[in-house]
Amino acid sequence: MAGSTANALSKLSIDDWAAAAPNLQKNHSLLSPEQVELAKALLELNQVHLFEHWPEPGVEDDEKRAFFDQVTRLNASYPGGLASYIKTARELLAESKSGKNPYDGFTPSVPSGENLTFGEDNFIQYENAGVREGRKAAFVLVAGGLGERLGYNGIKVALPLETTTGTCFIQHYIESILALQEASCRLAEGEGPTEIPLAIMTSDDTHLRTIKLLETNNYFGMKPSQVKLLKQEKVACLDDNDARLAVDPNNKFRIQTKPHGHGDVHSLLYSSGLLKEWLAAGRKWVLFFQDTNGLLFKAIPAALGVSSIKEYHVNSLAVPRKAKEAIGGITKLTHKDGRSMVINVEYNQLDPLLRASGYPDGDVNCETGYSPFPGNINQLIFEIGPYLEELTKTSGVIQEFVNPKYKDSTKTAFKSSTRLECMMQDYPKTLPPTARVGFTVMEAWFAYAPVKNNPEDAAKVPKGNPYHSATSGEMAIYRANSLILRKAGVNVDDPIQSVFNGQEADVWPRIVWKPKWGLTFSDIRSKVGASCSITGRSTLVLKGQSLDLEDLALDGALVIDAVDGAEVKVGGSVKNAGWIIESVDYKDASVPEELRIRGFKINKVEQLEKIYKEPGKYSLNP
């Protein structure tokens with residue numbers, strides 16, 4: 001080892017080392033041959049400052065070795081290594097300083113896609129087609145982070161999406177995938193794959209906690225072999241326009257790092273070999289979804305059906321978007337050289353882009369009352385074959401951007417370090433014009449209710465705009481389920497208005513069901529008979545596949561839990577004191593965080609609960 005290190009150093013020229021980085025040269029005997037090469041690369045990349053504070057040999061040698069361990073990881077985890085990262089950073093920082101417009105030469109127009117209305121015939125047709133395709137799908141849960149921004153210290157996927165049952169997000173997602181898997185296999189009659197895989201992108205912050213959550217709960221009913229975790233590494237921070245790597249303020253022997261963004265999911269899927277494995281197993285679709293949208297799986301079957309019937313290579317789920325609303329717009333961009341792409345354009349870029357392209361009013365609502373550019377919600381469906389073909393060319397690298405916060409208008413110094421970032425929805429930027437890129441717009445009431453704001457931030461949201469908090473996310477589930485049952489023929493009372501954590505809320509009956517009870521609207525409609533009614537103060541919990549509601553008059557709380565194979569006809573009049581929503585103060589530390597951030601808890605005063613543990617035919621008619 002010592003001889004090979006000396007030979008490598010001799011190639012570098014000791015004099016060069018001594019002149020450029022004397023402290024590093026003094027410590028060269030600590031380095032392996034591989035580390036010598038990394039040291040040489042860092043010097044050639046103008047990163048001499050990283051060694052300026054290194055003490056004499058024998059002092060903090062373990063920290064020096066740990067520095068090179070970190071550099072080795074940073075170099076290995078980025079396609080092309082640190083040299084490629086720094087080269088790209090310098091180019092993007094120069095463009096940022098000069099004020100280059102990334103959309104220069106492009107003209108925006110409205111792309112083509114599918115607009116669906118829940119419960120209409122074409123929606124049901126697409127839903128049924130999506131269920132049929134389900135067994136050929138794989139799901140990827142992207143960027144499951146920590147809940148600090150919500151005022152919750154756990155991982156976000158462990159947060160209950162509603163407190164009537166306490167089901168957490170990851171449990172709901174897994175049960176939804178399993179319900180789709182079962183329904184699809186029933187239709188497919190033995191063709192093709194029989195299990196739908198789930199990949200979860202984690203980070204240093206969430207990896208072990210995600211494993212623990214899954215293992216403690218037996219993977220919520222999914223086979224452990226169906227679940228794969230892909231850990232995202234961070235990238236180096238940058239101190240200036242020359243892309244000098246930032247030293248960690250808490251440790252002079254570490255480079256400061258930050259997350260690279262959820263665009264890394266593409267390179268992780270490629271480098272892990274999962275995409276090849278999925279394609280070889282007969283899978284056709286990969287569906288990307290984010291960590292805290294409790295409504296999403298109500299939209300997934302129909303969106304997958306659109307991808308299948310329209311033969312989209314890329315399908316973005318979208319919601320109607322008000323002009324200038326703080327959500328990106330899906331836009332077709334055509335360059336003056338003839339190339340074009342369908343891409344998400346951030347809301348603060350869309351309006352000026354339209355104004356600069358002959359639309360004097362910019363982003364305005366059309367006759368529908370919404371912007372013609374639908375709102376991107378970052379739920380994507382790709383056809384695996386063309387996707388893998390494209391990633392084979394790029395190794396999964398997505399076009400990056402940099403967003404430095406400058407100290408002043410000279411743009412010569414940063415307020416704090418920056419880094420390169422990438423977003424998964426930017427994947428279509430590299431696609432050829434022949435790629436079939438479309439979108440599916442669905443109403444937000446059943447497709448989009450993300451939980452991303454803490455109570456204080458949510459209370460500051462301008463009136464009429466969505467809060468996107470734990471409060472609004474839970475209330476959106478009750479609203480959606482109430483409206484779906486209404487469409488199926490149930491007489492559901494109107495909501496009452498209330499205020500929780502400073503947020504106005506429509507409180508609908510607390511209606512919750514397991515995905516296997518109602519995966520699609522067709523399923524739900526087939527299980528709801530005539531003359532059912534639910535009062536506004538009621539709670540209905542359906543945990544079972546074969547529960548038929550017929551002549552049910554509910555005024556209180558009813559919970560039914562039935563094993564597979566237990567068929568229950570649920571009817572008659574159920575009246576009791578029920579479950580009552582009680583306000584809590586989000587500053588009250590005696591209340592658990594997951595309740596505090598909602599501003600309410602549920603007091604389970606009285607209920608009728610029926611549990612059916614054996615298969616068979618039953619009737620509930622109190």
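The stops below cover helices, salt bridges, a helix crossing and a strand residue.

**Before starting**

This is a predicted model, in which local features need pLDDT of at least 70 and side-chain atom pairs count only at pLDDT 80 or more, while totals for chains, interfaces and linings use all residues. Residues are numbered from 1 along each chain as its sequence is written, and side-chain values use heavy atoms, with hydrogens and water left out. Helices (H or I, at least four residues) and strands (E, at least two) are DSSP runs, numbered from the N terminus.

**Stop 1: helix H8**

Select residues 169-188, which form helix H8. The expected span of a helix is 1.5 Å times one less than its number of residues. For the 20 residues of H8 that gives 28 Å, and the end C-alpha atoms are 28 Å apart, which agrees. Buried means under 20% relative accessible area, exposed means over 50%, and partly exposed lies in between (1.4 Å probe, protein chains only). Next, select Glu189, which follows H8 and has a positive phi, near 55°.

**Stop 2: helix H10**

Select residues 264-272 for helix H10. Its buried residues are Asp264, Val265, His266, Ser267, Leu268 and Leu269. Just after H10 comes Gly273, with a positive phi of about 85°.

**Stop 3: salt bridges**

A salt bridge is a side-chain nitrogen of Lys or Arg within 4 Å of a carboxyl oxygen of Asp or Glu. How many salt bridges does the structure hold? There are 31.

Select Glu114 and Lys310, whose side chains form one of them at 3.2 Å, N to O. Glu114 lies in strand E2 (residues 114-115) and Lys310 in helix H12 (residues 300-310), so the pair ties together parts that are 196 residues apart in sequence. Glu114 is buried, at 13% relative accessible area, whereas Lys310 is partly exposed, at 37%.

Now select Glu390 and Lys393, another salt bridge, at 3.5 Å, N to O. Both residues lie in helix H14 (residues 384-394), 3 residues apart, about one turn of the helix. An α-helix has 3.6 residues a turn, so residues three or four places apart point the same way. Glu390 is buried, with 6% relative accessibility, while Lys393 is exposed, with a relative accessible area of 59%.

Then select Glu421 and Arg419, which meet in a salt bridge at 3.9 Å, N to O. Glu421 and Arg419 are both buried. Finally, select Asp204, Lys231 and Glu233, which salt bridges with shared partners join into one network.

**Stop 4: where H7 and H12 cross**

Show helix H7 (residues 121-133) together with H12. Their axes (lines fitted to C-alpha atoms over the stretch in contact, with angles from 0 to 180 degrees between N-to-C directions) come within 6 Å and cross at roughly 85°. H7 and H12 are therefore roughly perpendicular, a term for angles of 65 to 115 degrees. Contact means heavy atoms within 4.5 Å. The residues that meet include Phe123 and Tyr126 in H7, and Leu304 and Ile309 in H12.

**Stop 5: Tyr612**

Select Tyr612, in strand E27 (residues 608-612). Tyr612 is buried, at 10% relative accessible area. Leaving out residues up to four places away in sequence, Tyr612 touches Ile560, Asp561, Ala562, Val563, Ala566, Val568, Tyr618 and Leu620.

Definitions and conventions: Parallel < 35°, antiparallel > 145°, perpendicular 65-115°, else oblique.
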